[in-house]
Amino acid sequence: MSTRIALRSVALTYLGVLVVVPLAMIFYRTFEDGFVAFFESVTTPAAISAISLSLTIVAIVVPLNVVFGLVTALALARGNFPGKGLLQAVVDLPFAVSPVIVGVALILFWGNDGWLGGAFPVIFSLPGMVLATVFVTLPFVVREVEPVLREIGTEQEEAASTLGASRWQTFWRITLPAIRVGVGYGVVLTVARSLGEFGALTVVAGGVAGESQTLTLLVHARYIDDHNTFGAYSAATVLMGLALVTLVLMTLLERRREA
Amino acid sequence: MITVTNVSKRFGDFTALDDVSLEVPDGSLTALLGPSGSGKSTLLRIIGGLEFADSGSVVIHGEDVTGVVPQKRGIGFVFQHYAAFKHMTVHDNVGFGLKIRKTPKERIDERVNELLKIVGLGGFAKRYPSQLSGGQRQRMALARALAVEPRVLLLDEPFGALDAKVRAELREWLRRLHEEVHVTTLLVTHDQEEALSIADNIAVMDNAHIEQVGGPRELYDRPANSFVMGFLGPVAQVDDTLVRPHDISLLSRPEGDAREAQVTRVSHLGFEVRVELQLGDGQPVFAQLTRTEAAQLELSAGDIVWLALTGDRDARLVSEDDRLDAVA
Ligand SMILES: Nc1ncnc2c1ncn2[C@@H]1O[C@H](COP(=O)(O)OP(=O)(O)OP(=O)(O)O)[C@@H](O)[C@H]1O
Ligand SMILES: [Mg+2]
């Protein structure tokens, strides 16, 4: 009995010191001077632009990675083709490679002195930021959906085909409903990671306030460059708020998965 | 009628079907019987279009469907593990094929209700598959397959995942359903009792080949080889003759060419009594007697009896090889 209590206390303290207390401190600092100060700080032109840029990136990255993730997961779970092992490994690459390297690699490829000789205005603008974010969030949907596809097997799909459903009808009516929780989970993780991406963006995004500055970059800039700690806390709180929304969604989804 | 002609199928360098030909007569309930791995499912899936043959042809009701996709074959397929659409109600499962065919909603409802009644799931339309028992799920799957009025019904071990009692019930039920609906049916099973009890025609498979096709009595009474004989029922071997153990009679005194044997064990299995014996040369044999026969002989271990072969001569085989691996 007492060991159990001791274990619990250790776990709670660990979580508390590492996660809860630091985050709560930011929260406290944000609202220390009242809600109005917070509101003003996160509705400056630079802040609004940063929030909308972050959300825009999410809005582009999520559909891209859902489509790519579904196709790849189907190929990995159902297909049988040469190079499948390689694809398996490549999908995990973004997890293994540090985001900073991703940023550098993108510049090497798309930048003015890069392979494409800067033919496309990618770096320091939205396309570059989207590319970087797509890259770092690539595995989530694939890795959430692939095991579900394996688990449900092919029998339901085969049954649908014997009942006259085309491949497309089978996908929409049978496969997708069966994997939707996995897809949802992948989307939530992609959203959270997209919002939080920092390393790759510091390299490829210009970081120009009001233009190419995401929420994470804004927090960093206010804190380090402007010594505006309060502004940094407020922006961080917004970021956390968005993350919290996705987290709540994730929990709800998980409940449904268990049900 | 389903006609399979010279179908071969390999998976890598493994041969699953080797030049197999089969005819399933119109309106029949044919069983494809064989041990695990003999190629039954592969043959059924090739007929259903879920797998394609390397060579040979499949003809359903006069139409060559060898390269045709399953959607266009006019088949109903039932899987061992039901393949229920988990996110749909029983009603939507059964109506799926009709919905794909853009049947008007009222017509779907009508047909689904009619089918659910036939398969005994009248009050279950609004449930989800997870709220049904295994037997109910399989009946739902059958209704779903029948909804599109298939030309042939293909069943892959439909009762294999159910417990013995439910399995026996559903077997009976399928037999009756077949008598009502009369759709040409091919049923895969590895259970010889199931095949003998419901099929009017049985094809015995072993090792990528079809060994024999015939009615249940024909296969039991005139097995083409020792494999078929052994797979359809128990076999005893006396010298080099294979015989059904109920075609062995035991006598209390020598007579004709009866052979002397010593009883080693007597087991009472309800109606039947199983007697294990040892012939003079040490060869073990077992015989099945009725209770009455056994009672008259008053057998017990150690007794000396005389063993004679009775019954139909054609029901015996001369052991030709060592393939008698299914002896009970
Ligand atoms: N997709 C596949 N890839 C490789 N080998 C396969 C495949 N499908 C079947 N086989 C092999 O072909 C052989 C026949 O398989 P099949 O499923 O037809 O057997 P079965 O008679 O239905 O057996 P069971 O009673 O166990 O279902 C087996 O040895 C199996 O391993
Ligand atoms: Mg099988």
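How many residue pairs are in polar contact across the interface of chain A and chain B? In this predicted model, the count comes to 5 residue pairs, with both partners at pLDDT 80 or more. Helix 7 (155–162) and helix 8 (167–196) of chain A each bring at least two residues to the side of chain A that touches chain B. Helix 7 of chain A gives the largest share of that side, with 7 residues. Sorted by class, the side of chain A facing chain B holds 6 nonpolar, 6 polar and 4 charged residues.

Now for the contact as a whole. Chain A puts in 16 residues and chain B puts in 22 residues. Between them, chain A and chain B bury about 1,700 Å², and carbon and sulfur atoms account for 61% of that area. As for salt bridges, 1 turns up across the interface of chain A and chain B. Its partners are B:R45 and A:E158, whose side chains come to 2.7 Å, N to O. Side chains of opposite charge can pair when their charged atoms come close. Over all chains, the tally of salt bridges reaches 26.

Another of these pairs sits inside chain A. The side chains of A:R150 and A:E146 form a salt bridge at 2.6 Å, again given as N to O. A:R150 and A:E146 are about one helical turn from each other because they lie 4 residues apart in helix 6 (residues 126–152) of chain A.

Stepping back to the fold, what does chain A look like in terms of helices and strands? Chain A has 11 helices and 0 strands, so its pattern along the sequence reads α-α-α-α-α-α-α-α-α-α-α. Taken along the principal axes, the C-alpha atoms of chain A fill a box of roughly 65 × 65 × 30 Å.

Part of chain A carries a label from UniProt. An unreviewed entry there marks residues 12–31, 51–77, 89–110, 122–142 and 230–253 of chain A as "transmembrane region". For residues 122–142 of chain A, the end C-alpha atoms are 26 Å apart, and the span is 81% helix and 0% strand.

Helices of chain A also meet one another. The axes of helix 3 (residues 45–78) and helix 10 (residues 215–225) of chain A come within 8 Å and cross at roughly 145°.

Chain B has a record of its own. For residues 2–232 of chain B, an unreviewed UniProt entry lists "domain: ABC transporter". This stretch of chain B is 37% helix and 26% strand, with its end C-alpha atoms 24 Å apart.

Terms used:
Residues are numbered from 1 along each chain as its sequence is written. Chains are lettered from A and ligands numbered from 1 in the order in which they are written. This is a predicted model: local features need pLDDT of at least 70, side-chain atom pairs count only at pLDDT 80 or more; totals for chains, interfaces and linings use all residues. Side-chain values use heavy atoms; hydrogens and water are left out. Contact means heavy atoms within 4.5 Å. Buried area is the accessible area (1.4 Å probe) that two parts lose on being put together, summed over both. A salt bridge is a side-chain nitrogen of Lys or Arg within 4 Å of a carboxyl oxygen of Asp or Glu. A polar contact is a pair of N or O atoms within 3.5 Å; within protein, one must be able to donate a hydrogen and the other to accept it, and residues adjacent in sequence count only if both atoms are side-chain atoms. Ala, Val, Leu, Ile, Met, Phe, Trp, Tyr, Cys and Pro count as nonpolar, Asp, Glu, Lys and Arg as charged, and the others, Gly among them, as polar. UniProt positions are given in the numbering used here, feature names are shortened, and annotations may be inferred rather than shown by experiment. Axes are lines fitted to C-alpha atoms, for helices over the stretch in contact, and angles run from 0 to 180 degrees between N-to-C directions.
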